[in-house]
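Trainee: I'm new to this one. Could you walk me through it while I ask questions?

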Amino acid sequence: MYSHASESLIKQAREIQESELQKFYSRLMKMLQGKELGHDTVDSLQRLHLILSATKYTRTLPLELQKRFVALLSSPAEQHQVLSAAVLRETLPLTGQELNYNQDNLGQLNSHAAGLLLSQAVSKGDLSSLCTQLLRNLESRPSEGPTHSLMHTLPVLNNVLTHSPECLSEDQMTLVSKKLVDWLRYASVMQGVGTSSGGFFTGPRSRQPVPIAELDGSVSGDFFTVLCVGQGFTEDQWMNVYSFSMLRHWLLTYHSSCSTTVDADDRSEVDGSVVSMVSATSSSSRLLPPKERLREKAFQYCQRLIEQSDRKAHKKTDTELQKACLVEAVCILDCVCVEDTSLVYRTFPCIKALFGRLSSELSYARVLLPIAQFYLNHGEMAAVDCENVWKVVFGRFPTELFNDPFLAHELLRFLRLNLESIELRVPQYTRYFPNLLKFLAWDSPAMVDDFVDLLPSMVTTGTAVELLHTLLDLPCLSATLVLQHRSTCLPISEPVGRSFVSLDAFRNPSFRGLFLFVLRTEAGSGDTIDRLSTLHELLVEAADWPRVTQCARTVPVLLHVFFNTIVTIADEKLLTHLILVMLERSSLLLNIPVYIKEIHRVFSCHLLRLCKLHPSLVVNQSHELLEFAGSTANVYSKEELYTHVVWVLGEYLSVSCDSRCSVSLITSCFEALEAVLFEITSSAPPTGTVCPAPKVINTLMSALAKLASRSHDLIPRVSLFLSKLRTVTRSGSVAWCSDEEDLVAVVTRGEELWSLLKAPGVAQSVLTPPPHVIAPQWHRDTNVALPLQLRALTSLTHSQ
C-alpha cells in the first residue's frame, strides 16, 4: 500500500479545516492571476488535487477560482492542462454557464479539456449539446486560430459515440459522413510547412510546396493517406489520419447492413487479375447518398493502403506502421463488404493477392488474422477455396508462434468471436486441436479461460478419445515445447551449465518419434502412443518446471468441461471406450503427485456420473472394472478412483440395471472384491505406503453386502468375514488401521451390514432400494392422501 510519508500526506489532506482551505484558495487565486506560473503554482495545484481526491466528498470551488481553472485548460504548458483538468474533474460538475464557456471556446480544445467535458456531461442532453458544438466547430471554423484545434474534435466525437451513439441526429450523421469523405479522399497532396530553424528570416524558396512522398521515398502519385510521409503536414492531412482511425467505428455504429443485388459480371472479377489500387474519382460516386459515398471512399482508401504496404519502407517503425494499417484496412474492407455485398467481388482479388504475398511471412501473422476473418465472412459467397488460409491460421501459427502471447490472444479471440461460423463453414477446425492446445500448454494461466469456452467445440464423437488422451498429456506437451524452445536457443555444441537429460533425449533420434507425436499438428494419427511410459520417464525432470506445473493445474478444469460435453453427444459405445481410457490412463500420467491426485478425483466424479446415466456401462466394462478392482496395489496408489470403481460395481451390477447381469458375473465380482478386502485387513500395508482409509474398507464391505443380497448363496461368506472382523478388532489394535476412531467406524459399519444380512429380504430392500423409493414423487401420486393434504394446507396458507 502507501508508504508512511504518503499516508501522512493523505491524512493531512483529509483533515484540513474549512477555514484553512479557504485561505489556501485565496493564495492560489493570487498565484493564478500572475503573468507567469512558476514552480510554487504547480506545487499548489498538485496539493489542491490531493486535497480534493483524498476525500469521498465532492467539494465546490469558488466561482472565480473555477473560472481560472477553466481558462488554465487552454494554457500552452501541458502540465498546467493536466493539473487543471484533474482538479476540475474532482469538483462538482460545471454549471451551465461554465459548460457553455468551454463549448464556446472549442477553438482552443485539447485532449484534456475534451476529457473534462465528457466526464462532466451528466445526461444524454449534455452529450447531444456537446456533439452539436463539436459539429458546428467542424462545419464553420474560423480561418485563423490554433491549427491543432480541429484535430481534437474527431477523437472527442468518437468517444462520445462510444458511450452514447444515439446522441446524433440523421442530419448530423450525414454531415459527419460528408466530412469524412472530404478528409479521406481530398486531403492536400502537398507537404505542410515544417518548423524552420531560420525563424522570421526564412527565405521564400524554403517555403515552396513539396509533394508528399511514399514510405520508399518516391513521390506520391495518388491521394494522401496515413502511409504518406513528409517534412510537415497540413491540417486536412491530420484530419485524414484521424478520420481513418475512427472510420471503422463510425461504419459499425451508424451504417446498417444491407443486401445489395450483385450482377453476374462482378463475379468474374474474383478470379481475374488484381485491379490497380490507384483509384480515380468517378463522377458517379458523387451522386451516391452520403453513407454509400463514404463506403465507396473507404473502399478506395483501403485499396490504396494495401498498395502502399507493398513498398519497401526505409525505417523499421514505418514497417510496423504498414502492418498496423493493413490490419485496419482489411477490417474496414470486411465491414463495408458486410454492409454492401456487391463490394465482395471487387475486394476479393485484392485480398487474395495480399494473402498470397504475406502467407509465407510469419512477421505478418497478425495481419493474416483479419484476412482469415474476411475469408470466413465472404469466402462462401464468392466461392473461393479457403483451405490454404486455415492451414496457415490453424496449422502454421500455433506450430511456429506458440510463444507469441499477442498472436495467441488474437487467434483465440478470433475463434471465440466466430465459433458458430467456424463450426459451420470450417469443419476441419476440429482436426487442429492438438496444435491449438500448444497455446494453452505454453501459457496456461493466460489461456485457460479461452479454452474453457473453445473446448466444447473440439469435442466430437470422432475426436473424443484422442482429445482425452491429449488433455491428459498436456503437461508433456508443455515440457516438450520448453525443450523445443531450448533446443533452438542452445546449440548442441554449446556447453551448458546444467545438463538436461530430457533435452538430450529430445535431440536423440531414437526418441524423436515420441516427441513428434506430442508436437503433431493435426489429429487422426492415433489416439495415443504405445511407449507413453517411456515418454514420462524422459520428462521426469520436467515435473517441477514452472510452465509444466502451471499447465498441470489447468488439466482438471478442462477435463470437467470435456466430460460435461461428452455426455451430451456420445453413445454407449463411445462412453464404454472412455471408461476404458480412464482406467488405463490412471496409471499413465506424468509423475506430478498433486496432478495425479487431481486427475483421479476428476475420473472418480465422472465415472459415477456416466454409470448413473447409463448403468449398462458397468456390465459392458465388467471385465476391465473387475481387473482394476481386483488389484490390491490400486487400493494404495489410486485410493480415490478405486473407491468409486468398487462403489459402481456394488451399486449397478444388478439385474434391475441390466438384464445381462448373471449370477456368475455377480459371483466373480464378489470373489475379486472379497480377496482384496481379506488381503488388506489381514496384513500391514506395503513399505512406503499408508494404511488404507476407512472409506475404502467400508465401500468394499458395502459392495460385498449388496452383491450378496442379490445372490443369497454369498451371504454366509460375507457374514463369516464380518464376524471375524469384529472378533479380531476386539483384541486391540490392528496393522491395517492406525487410528482408533477409524477402526471404530469400520467395525460399526461391519456390524450394521451383518445385522442387515440376517434378514436377506430386508437387506436387499435397504442396500438396493427400488427406483420409486430412491426418488419418491408421493406429492404427485393421486392414489395416496398426501396430495390432498398438501392442497388443503396450501389453500389454508393462501387464504391467510
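Trainee: What share of the accessible surface of the chain belongs to carbon and sulfur atoms?

Mentor: Keep in mind that this is a predicted model. The chain's accessible surface comes to about 39100 Å². Of that, the part belonging to carbon and sulfur atoms is 54%.

Trainee: How many helices and how many strands does the chain have?

Mentor: There are 800 residues here, and 49% of them count as buried. As for the elements, the chain has zero strands, and its helices number 40.

Trainee: Are α9 and α11 roughly parallel or roughly antiparallel?

Mentor: Start with the axes of α9 (residues 153-163) and α11 (residues 235-254), which come within 10 Å and cross at roughly 15°. Angles under 35 degrees count as roughly parallel. So α9 and α11 are roughly parallel.

Trainee: Is lysine 297 buried or exposed?

Mentor: Look in helix α13 (residues 290-308), where lysine 297 lies. Buried means under 20% relative accessible area. Lysine 297 has 1%, so it counts as buried.

Trainee: How far apart in space are lysine 297 and aspartate 182, C-alpha to C-alpha?

Mentor: In sequence, lysine 297 and aspartate 182 are 115 residues apart. In space, their C-alpha to C-alpha distance is 9.3 Å.

Terms used. Residues numbered from 1 in each chain as written. Predicted model: local features only at pLDDT ≥ 70, side-chain atom pairs only at ≥ 80, totals over all residues. Heavy atoms only, no water. Helix = DSSP H or I, 4+ residues; strand = E, 2+ residues; numbered from the N terminus. Buried < 20%, exposed > 50% of the residue type's maximum accessible area, 1.4 Å probe, protein only. Areas by Shrake-Rupley, 256 points an atom, 1.4 Å probe, with all protein chains shown as cover. Axes fitted to C-alpha atoms, helices over the stretch in contact; angles between N-to-C directions. Parallel < 35°, antiparallel > 145°, perpendicular 65-115°, else oblique.
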